[in-house]
Amino acid sequence: MIFLTVGTQLPFDRLVAAVDAWVGQTGTPVFGQISDLAPENYHPKHMEWVPRLAPEEFERRYEAAPAVVAHAGMGTIIGALTRGKPLLIMPRQAALGEQRNDHQIATAARFGARPGIRVAAEAEDVAPALDALADQGSAPPSLGPHAEPDLIAAVRAALLGPR
Amino acid sequence: MDAASETGDGPGVHWMSETSKSPTVPAHRVMAIASGGGHWVELRRMAPAWQGCQIHYVTTEPGYRKELRAEPEARFHVIPDANRWQKLRLLRQLLGIVWLILRLRPHAVISTGAAPGYFALRLGRLIGARTVWVDSIANAEELSLSGQMARRHADLWLTQWPHLSGEDGPSYRGAVM
């Protein structure tokens, strides 16, 4: 089942509502981790959802999903690249009260072109991107498990320096 | 007095064997601290940097303990979660970190963010620990607020974006991906 995650800190109505509408139209099942909702937040009508998952359950859902839909968070992006998982990201916008700053827009701009990643800037981009994502299939992992060797060497030297 | 300080000049690097070339510095205590989510994922990708050390992971999400099952030598500590507007929770988080720093007396502290990392670097400095800040790769246009605040307390102060580095720091030495 396609897995939707917007993290556990803040709701993300624009993405959740767009995905829910697509589920209503296509009947494709989606499971969402959509954080704690206030009464005024959008409550999905067509998809199964929980506010948050324990990390182990999150990993299980992520692994089992044919594709993942998410806010433009680095944890999710790294997770998709290390697994070759097709990923659709929508960056949160500060002007819409979705995040305190626009760092996710920068993240989407810089990582949106990586293999297997698609970006939906607006709600109307979500349905066509989900259609394409469903057809895309998984890719070979394009990212290994560790940071760049130069960074690891620099950090190690600093950590092991004299007090 | 602990084993490292008894030697007078900090821990030496020992080679476990000629074949594996895996360095081990078991007396060197490293605290690797990050809040849950992307900060934690980025921190974990740097694990080879503290291979062979006595590693203490500190985070806000208790469920990450299970990730470390394959690393029985790693220690795992949980602190309260908080965002910058939850002052009481931030205070509880700070107290949790004070307690861990005093109890573990790390030789080095490393963080990718956010608030817990800033607290730990400041407190680590006070007890003479080496401190490393690696600002999250999510901050591609400007350094994070916690990263800017960590500047004065970091022996190594890094961004993961070359265009954000400068003469007066932060430095760029590569990225977690």
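Me: What makes β4 (residues 68-71) and β5 of chain A a pair of strands?

Reply: Strands pair if DSSP finds at least two bridges between them, and β4(A) and β5(A) are joined by 4 bridges, running parallel. So they pass that cut-off. Val68(A), for one, stands opposite Leu87(A). Strands here are DSSP E runs of at least two residues, helices are H or I runs of at least four, and both are numbered from the N terminus. Bear in mind that this is a predicted model, where local features need pLDDT of at least 70, side-chain atom pairs count only at pLDDT 80 or more, and totals for chains, interfaces and linings use all residues. Residues are numbered from 1 along each chain as its sequence is written, while chains are lettered from A and ligands numbered from 1 in the order in which they are written.

Me: Why is the unit of β4(A), helix α3 (residues 74-83) and β5(A) called right-handed?

Reply: With the strands pointing away from you, a right-handed path from the first strand over the helix to the second runs clockwise. The β4(A), α3 and β5(A) unit is right-handed, so its path goes clockwise.

Me: How do you know that β5(A) also pairs with β6 (residues 117-119) of chain A?

Reply: They share 3 bridges in the parallel sense, and Leu87(A) stands opposite Ile117(A).

Me: What makes Leu87(A) and Leu88(A) buried, and which way do they point?

Reply: Buried takes 20 or more other C-beta atoms within 10 Å of a residue's own, with C-beta atoms placed from the backbone (12 or fewer is exposed, in between is partly exposed). Both are buried, Leu87(A) pointing one way from β5(A) and Leu88(A) the other.
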